[in-house]
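Work through these exercises with the sequence and the 3D view open. Try each task before you read its solution.

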Amino acid sequence: MKILTSGQIRKIDAETISRAGIPSLELMKRAATAFFHFFAEKYMDRNSSVIIFAGVGNNGGDALVVARLLHKAGYPVKAYMVEFSDRYTEDCAHNVRRMKAENISYKKIVEKGDIPDLSPFDVVIDGIFGTGLSREVVGVAADVIARINGSGKKVISIDVPSGLFADQKTEFAVKATETVTFQIPKLALYLPENAAFTGNVQIVPIGLDEKAVAEAETDTYLTEKKDIRGMLKPLPKFAHKGTQGHALVIGGSLGKCGSVSLAAKAALKTGCGLVTAYLPKCGVTPIQSNFPEAMALEDKGMEHITSIDYDLKPDAIGIGMGMGLHEETEQALYSFLLKSRSPLVVDADALNILSRYPDWFTLLPKGTILTPHPKELQRLIGGWCDDYDKIGKTRLFARKYNVIVIVKGAYSLVIDQKEMYVNNSGTPALATAGSGDVLTGMVTSLLAQGYQPVEAARIGVFLHGMTADITGDTIHPRSFVASDIIENIGNAYRSLEKKQ
């Protein structure tokens with residue numbers, strides 16, 4: 001699904017109105033109706049009391065239509081116009097008149113003293129500002145937002161939380177419990193720094209013109225379940241272990257060989273036919289005892305890797321987990337990069353070593369996948385002032401070295417030389433030790449099975465997240481561990497392949 005700018009979305013709105021031959025008020029009604037259906041399904045108790053804050057722009061118009069629909073459905077609802085300007089848009093003014101005609105009471109807020117007490121209400125609906133906001137919120141609108149944020153109430157924002165900027169860092173906005181956005185996702189809704197504002201993000205269709213959406217150019221996308229389902233290769237009837245790919249995982253040091261075991265097991269569970277683990281001598285017995293399905297090769301070093309020497313031709317390699325930063329290990333990695341041309345996933349300490357020797361990045365095969373956590377990413381690209389800066393620097397880095405970077409987080413990003421994909425699966429359960437090692441194993445497995453690097457990255461990240469999604473009712477997020485990811489990869493595949 002395309003992620004578009006606010007300007008592009010306004011153009012698509014206009015094209016929808018023109019091509020469908022409908023008034024702009026009809027599109028506003030579609031949006032408000034979609035929001036209403038979401039609300040009514042979530043809050044089935046028609047005694048839930050609702051307060052709605054509407055601005056004087058088109059987002060306020062949406063909010064007033066929602067107020068009318070809720071009133072008609074029997075919800076006790078009160079509407080307030082946040083009059084931060086005396087200039088109403090035409091469609092908003094029309095819906096003010098409709099409120100009067102339908103005898104639905106509303107009040108204006110023109111100064112701080114007009115803001116009502118929110119304690120009697122169950123739910124707050126925010127429709128003060130939309131995606132067109134271009135300056136910091138001040139005055140009475142800021143006072144209203146501050147009151148909403150301090151209320152402790154459930155807050156649902158219409159399209160975007162009021163005060164949230166579409167393309168720059170946001171310092172102050174409504175802190176929504178949920179954001180119901182209209183058909184086209186906005187990048188700001190998926191950035192870590194905005195998590196306190198956006199809450200859970202839900203996308204609802206409003207019947208925008210499909211051709212207009214298709215014509216909009218972008219290099220940023222939201223990855224959905226149907227996208228990943230369409231990428232999966234069929235499992236051949238006559239498949240055997242020799243046709244499904246051979247993954248090699250390299251890493252480990254004294255006390256840190258469990259990371260290699262997790263990566264190896266995840267690789268096999270993700271579908272490759274063979275997995276070989278390359279570890280220091282101290283790790284061979286543990287991995288053979290813990291995971292007999294994997295083959296193991298021992299390095300010459302007892303407690304850490306001193307040379308990476310093997311006589312096999314893997315289809316893909318994952319390297320770095322638990323390796324440590326020993327001088328001998330650094331040299332072993334350098335020698336490995338000089339000679340290896342297999343598709344590659346680089347993680348953990350291999351990334352930390354590369355950050356010490358940036359010129360080594362030129363040795364990476366084209367399409368190499370890097371899987372840094374935030375601190376590792378910072379060592380690679382330098383610091384950043386906000387999420388937009390971080391994304392910009394990561395995109396430059398990916399283009400410079402012809403690599404793919406997985407920026408891990410609540411909405412992990414897959415960034416290649418041309419495009420960025422925002423992942424839409426997963427829960428906080430994945431914030432657990434070994435989760436990254438498992439992801440490296442999964443992505444390496446998909447590379448070994450013949451997927452193109454960007455496909456391997458996107459499928460691996462989405463499946464990884466799905467293991468948390470599908471176990472939300474059976475494993476509490478606080479007790480979810482990396483092994484739970486591995487044990488549910490098969491269930492994630494099954495869920496993914498179901499046509500809904």
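Predicted model: local features only at pLDDT ≥ 70, side-chain atom pairs only at ≥ 80, totals over all residues.

**Exercise 1. Describe how α2 packs on α3.**

Solution. 
- Step 1: geometry. The axes of α2 and α3 lie 9 Å apart, and the packing angle is about 50°.
- Step 2: class. Angles under 35 degrees count as roughly parallel, and 65 to 115 as roughly perpendicular. The α2 angle therefore makes this helix oblique to α3.
- Step 3: hand. α2 and α3 cross in a right-handed sense.
- Step 4: residues. From α2, the contact uses Met28, Lys29, Ala31, Ala32, Thr33, Phe35, Phe36 and Phe39. From α3, it uses Asn58, Gly61, Asp62, Val65, Val66, Leu69, Leu70 and Ala73.
- Step 5: The contact of α2 with α3 has 11 nonpolar, 3 polar and 2 charged residues.

**Exercise 2. Which elements and residues line the second largest pocket?**

Solution. 
- Step 1: volume. The second largest pocket holds about 1,100 Å³ of space.
- Step 2: lining. There are 39 lining residues. Gly57, Asn58, Asn59, Gly130 and Gly132 are the ones nearest the pocket centre.
- Step 3: elements. Two or more lining residues come from each of α1 (6-20), α2 (24-42), α3 (58-73) and α5 (139-149). α1 gives the largest share, 5 residues.
- Step 4: link back. Asn58 is among the residues nearest the pocket centre, and Asn58 of α3 also takes part in the contact with α2.

**Exercise 3. Are α15 and α16 parallel or oblique to each other?**

Solution. 
- Step 1: locate them. α15 spans residues 435-448, and α16 spans residues 453-469.
- Step 2: geometry. Their axes come within 8 Å and cross at roughly 140°.
- Step 3: class. Roughly antiparallel requires an angle over 145 degrees. α15 and α16 are therefore oblique to each other.
- Step 4: hand. The crossing of α15 and α16 is right-handed.
- Step 5: residues. α15 supplies Ser435, Val438, Leu439, Met442, Val443, Leu446 and Leu447. α16 supplies Pro453, Ala456, Ala457, Ile459, Gly460, Val461, Leu463 and His464.
- Step 6: The contact of α15 with α16 has 12 nonpolar and 3 polar residues, and no charged ones.

**Exercise 4. Find where glutamine 183 and alanine 348 lie, and give the phi of each.**

Solution. 
- Step 1: background. Most residues other than glycine have a negative phi.
- Step 2: glutamine 183. Its phi is positive, near 60°. Glutamine 183 sits in the loop between β6 (178-182) and α6 (195-198).
- Step 3: alanine 348. The phi of alanine 348 is also a positive value, near 50°. Alanine 348 belongs to helix α12 (residues 348-356).

**Exercise 5. Follow alanine 348 into the packing of α12 on α13.**

Solution. 
- Step 1: geometry. α12 and helix α13 (residues 374-381) have axes 9 Å apart, at an angle of about 25°.
- Step 2: class. Roughly parallel means under 35 degrees. α12 and α13 are therefore roughly parallel to each other.
- Step 3: hand. α12 and α13 make a left-handed crossing.
- Step 4: residues. In α12, Ala348, Leu351, Asn352 and Ser355 make the contact. Their partners in α13 are Glu376, Arg379 and Leu380.
- Step 5: The contact of α12 with α13 has 3 nonpolar, 2 polar and 2 charged residues.

Conventions: Residues numbered from 1 in each chain as written. Heavy atoms only, no water. 1 Å grid on protein atoms, 1.4 Å probe; cavity = no way out; pocket = protein on both sides within 12 Å on 5 of 7 lines; lining within 4 Å. Points joined across faces, edges and corners; volume = space filled by probe spheres on them. Helix = DSSP H or I, 4+ residues; strand = E, 2+ residues; numbered from the N terminus. Axes fitted to C-alpha atoms, helices over the stretch in contact; angles between N-to-C directions. Left-handed = near helix turned anticlockwise from the far one by under 90°. Contact = heavy atoms within 4.5 Å. Nonpolar A, V, L, I, M, F, W, Y, C, P; charged D, E, K, R; others polar.
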